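Please look through the sequence and the structure before reading on.

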Amino acid sequence: MTALPNVATLARTTVLPHVVVDVFTPAPFQGSPIAVVLDADSLSTEEMTNIARWSSSTEVAFVLSATDSVADYQVRFFSPTTEVRFAGLSTLAAARAWLDQGHEPRSPGQLIQECAAGTVHVAVEENNHLQFTAPPLYDRGGPDELTVEMAREVLGLDPQDIKATTWLDNGPGFLGLLINDAETVIGMDPNIHELGQLCVGVMGAYGDGGPADYEMRSFAPSLGVDEYPAAAALSASFATWLVPQEIAPSSYTVSQGTSLGRSAKVHVHTRGSEIWVGGPVTSRVQGQVSVTA
């Protein structure tokens with residue numbers, strides 16, 4: 001009788017570089033921790049989804065070989081529950097991990113990332129700072145009154161607290177609320193899970209002498225994240241909405257994570273018609289991830 005093969009010998013184990021990157025803070029462990037898996041070409045979508053669900057990070061970036069001839073590499077972005085077209089934190093984290101692995105971009109000082117949203121430029125600056133070009137917003141029209149009212153009640157806001165609303169969608173889609181002031185943003189105590197499938201971002205301005213020009217908070221329970229310590233894609237979306245209308249200045253800073261005990265700070269500025277979003281990005285943990293299939 002022919003012996004059956006041992007199932008264990010048929011398993012395929014892939015060991016890949018794994019990095020956890022601290023995004024948007026010069027102080028260790030005060031920004032948003034983003035997991036990056038490098039050399040991930042061999043992973044299936046199901047394996048990427050499982051890793052993202054298992055990880056404690058709000059986002060996981062998988063770096064693959066580029067298929068676009070102008071790009072340095074390709075990235076796929078996963079929240080704990082789903083894949084998204086674009087993620088700003090993961091864009092910066094993937095760039096930092098890729099550079100730290102010893103790669104050199106085609107153009108000195110600038111990387112080109114390929115992703116589902118197209119190609120995104122990432123500039124390499126001094127003091128571990130990286131920044132990316134804000135991708136365009138998808139036109140979803142204006143939010144209906146019922147959606148805005150539901151979000152307002154869940155967030156515990158009064159009608160007069162809200163200055164303007166719009167859909168902000170450059171990959172992950174959020175309802176954007178511009179609030180009267182930063183203090184109101186910080187003081188919110190929302191019933192987050194009552195948002196259901198709705199993701200909401202709120203931003204309000206500080207007065208003179210504040211820690212930044214704006215405070216921002218973002219809630220996405222449907223993506224598996226109650227509240228983000230920082231949200232780069234949403235920061236880019238707010239800037240793409242507010243700067244061209246001259247509601248926000250061409251350059252400003254955004255504080256995030258205050259309500260979570262974090263101190264992330266995002267820098268936004270314009271170069272010609274382009275909006276750039278960035279800040280300090282540092283690798284904190286380096287190791288390996290083993291995937292057995």
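Which residues does S255 touch, not counting residues up to four places away in sequence? They are Y206, A212, Y214, E215, M216 and A264, where contact means heavy atoms within 4.5 Å. S255 itself is placed in strand β13, residues 251-256. Helices (H or I, at least four residues) and strands (E, at least two) are DSSP runs, numbered from the N terminus. Because its relative accessibility is 7%, S255 counts as buried; buried means under 20% relative accessible area, exposed over 50%, and partly exposed in between, with a 1.4 Å probe and protein chains only.

The model is predicted, so local features need pLDDT of at least 70 and side-chain atom pairs count only at pLDDT 80 or more, while totals for chains, interfaces and linings use all residues. Residues are numbered from 1 along each chain as its sequence is written, and side-chain values use heavy atoms, with hydrogens and water left out.

**Domains and cores**

The protein is divided into domain 1 (14-135 + 279-292) and domain 2 (145-272), with bounds that come from an automatic or database domain assignment. The C-alpha centres of the two domains lie 23 Å apart. Across the boundary, 25 residues of domain 1 are in contact with 25 residues of domain 2.

The largest nonpolar core has 61 residues, and V23, F24, F132 and Y252 have the most contacts inside it. This core lies between domain 1 and domain 2, because both give residues to it. Apart from it lies another core of 18 residues, including I162, W167, L175 and L177. A nonpolar core is a set of buried Ala, Val, Leu, Ile, Met, Phe, Trp, Tyr and Cys residues joined through side-chain atoms within 4.5 Å. In soluble globular proteins, nonpolar side chains tend to be buried together.

**Cavities**

A search of the whole structure finds 2 cavities of 30 Å³ or more. On a 1 Å grid over the protein atoms alone, a cavity is a set of points where a 1.4 Å probe fits but cannot get out, and lining residues have an atom within 4 Å of a point. The table sets out the volume and the lining of each cavity.

| Cavity | Volume | Lining residues by class |
|---|---|---|
| Largest | About 120 Å³ | 13 nonpolar, 2 polar, 1 charged |

Helices α3 (88-100) and α6 (232-242) each supply at least two residues, and the largest share, 3 residues, comes from α6. Helix α6 is mostly covered, with 10 of its 11 residues buried; among them are A233, F238, W241 and L242.

The second largest cavity is lined by H18, A35, I51, W54, S55 and V60.

**A partly exposed loop residue**

Is D144 buried or partly exposed? D144 counts as partly exposed, because its relative accessibility is 41%. D144 is placed in the loop between β8 (129-133) and α4 (145-155). The C-alpha atoms of D144 and Q197 are separated by 15 Å, and these residues are 53 residues apart along the chain.

Key. 1 Å grid on protein atoms, 1.4 Å probe; cavity = no way out; pocket = protein on both sides within 12 Å on 5 of 7 lines; lining within 4 Å. Points joined across faces, edges and corners; volume = space filled by probe spheres on them. Nonpolar A, V, L, I, M, F, W, Y, C, P; charged D, E, K, R; others polar.
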